[in-house]
Amino acid sequence: MSINVLFVCLGNICRSPSAEAVFRAKVAAAGLQRQIIIDSAGTSDWHIGKAPDPRSCQAALKRGYDLSSLRGRQVQSEDFRRFNYILAMDNANLSHLQAMAPADYSGTLELMLNFPVRQVLLEVPDPYFDAEQGFEQVLDLIETASDALLAHLQARLSQAN
Ligand code: 4NP
């Protein structure tokens, strides 16, 4: 059994690639990289094929996460067939995804900061027009939520075995 997780933001160059890299590192540390497949995408088409924002790359690298191989892509309707967890960074992304989702989508479509545990902040603030501190906050929020998500998926995988 494999679990497929997609992180979604607006541009796919700041928040969702950061979530992808952070969660990938935690999944690898838990030895679950074959069972948990991870990707990210943006609701917009603004940065298709582009590398993540250098400010995201730099902040992530300081914490040991390498974003350099990631490239922007836009969410597609096929993603609802491929991914059983689609986690949005903010309410605008979530509304966009809800409007796109097929009526029979049976996966989990939620805010990353509301699944599986409701965090203090529900949205990962868009750092694009922010100073460096915004990029640190993105990573703080994503790291905490990733721990909760991994624990949830580990429990699910152990039930399946
Ligand atoms: P992201 O951040 O959604 O976290 O990737 C943004 C990146 C680019 C833009 C906005 C947000 N933009 O306006 O181009």
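Begin by selecting A88, which is buried, with a relative accessible area of 0%; buried here means under 20% relative accessible area, exposed means over 50%, and partly exposed covers what lies in between, using a 1.4 Å probe and protein chains only. The model on screen is predicted, and local features need pLDDT of at least 70, side-chain atom pairs count only at pLDDT 80 or more, while totals for chains, interfaces and linings use all residues. Residues are numbered from 1 along each chain as its sequence is written, and side-chain values use heavy atoms, with hydrogens and water left out.

**Stop 1: A88 and strand 3**

A88 is found in strand 3, where helices (H or I, at least four residues) and strands (E, at least two) are DSSP runs numbered from the N terminus. Show the contacts of A88, counting heavy atoms within 4.5 Å: leaving aside neighbours within four places in sequence, A88 touches V8, N93, L94, L97, E110, L111 and M112. If you then pick S40, you will find that A88 and S40 are 48 residues apart in sequence and 9.8 Å apart in space, C-alpha to C-alpha.

**Stop 2**

Colour the strands next: four of them form an open sheet in the order 2-1-3-4, with parallel pairing, where two strands pair if DSSP finds at least two bridges between them. Strand 2 and strand 4 (108–111) stand at the edges with a single partner strand each, so one side of each has no neighbour in the sheet. From one strand to the next the twist averages 20 degrees; axes are lines fitted to C-alpha atoms, for helices over the stretch in contact, and angles run from 0 to 180 degrees between N-to-C directions.

Look from strand 3 towards strand 4, to which it is joined in the parallel sense over four bridges; here I86 has L109 as its bridge partner, and A88 stands opposite L111. Turning to strand 1, you will find four bridges to strand 3, with L6 opposite I86, and seven bridges to strand 2, where the bridge partner of L6 is D39.

Stay on strand 1 and display its side chains: I3, V5, F7 and C9 point one way, N4, L6 and V8 point the other way, and all are buried.

**Stop 3**

Helix 5, in turn, lies across strand 1, strand 2 and strand 3, running at about 160 degrees to strand 1.

**Stop 4: the nonpolar cores**

A nonpolar core is a set of buried Ala, Val, Leu, Ile, Met, Phe, Trp, Tyr and Cys residues joined through side-chain atoms within 4.5 Å. The largest one has 36 residues, and those with the most contacts inside it are V5, F7, F23, I36, M112, L149 and L153. Helix 5 gives the most to this core, with ten residues. Centre the view on L153, which, apart from neighbours within four places in sequence, is in contact with I3, V5, F23, I36 and Y85. Another core lies apart from this one and has 13 residues, among them V8, F83, L97 and L109.

**Stop 5: helix 2**

Select helix 2 (residues 54–62), whose buried residues are S56, A59 and A60. Viewed down the axis of helix 2, these buried residues fall within an arc of 100 degrees, so they line one face of the helix; the arc is taken from the directions that run from the helix axis to the C-beta atoms. They pack against helix 1 (15–29) and helix 5 (132–160), whereas the face turned away carries the exposed residues P54, Q58, L61 and K62. After helix 2 comes G64, whose phi is positive, near 90 degrees.

**Stop 6: R73**

Finish at R73, in the loop between helix 2 and helix 3 (79–82). A polar contact of 3.1 Å joins the side chains of R73 and D39; such a contact is a pair of N or O atoms within 3.5 Å, of which, within protein, one must be able to donate a hydrogen and the other to accept it, and residues adjacent in sequence count only if both atoms are side-chain atoms. Not counting residues up to four places away in sequence, R73 touches several others, including L6, N12, S40, D79 and F83.
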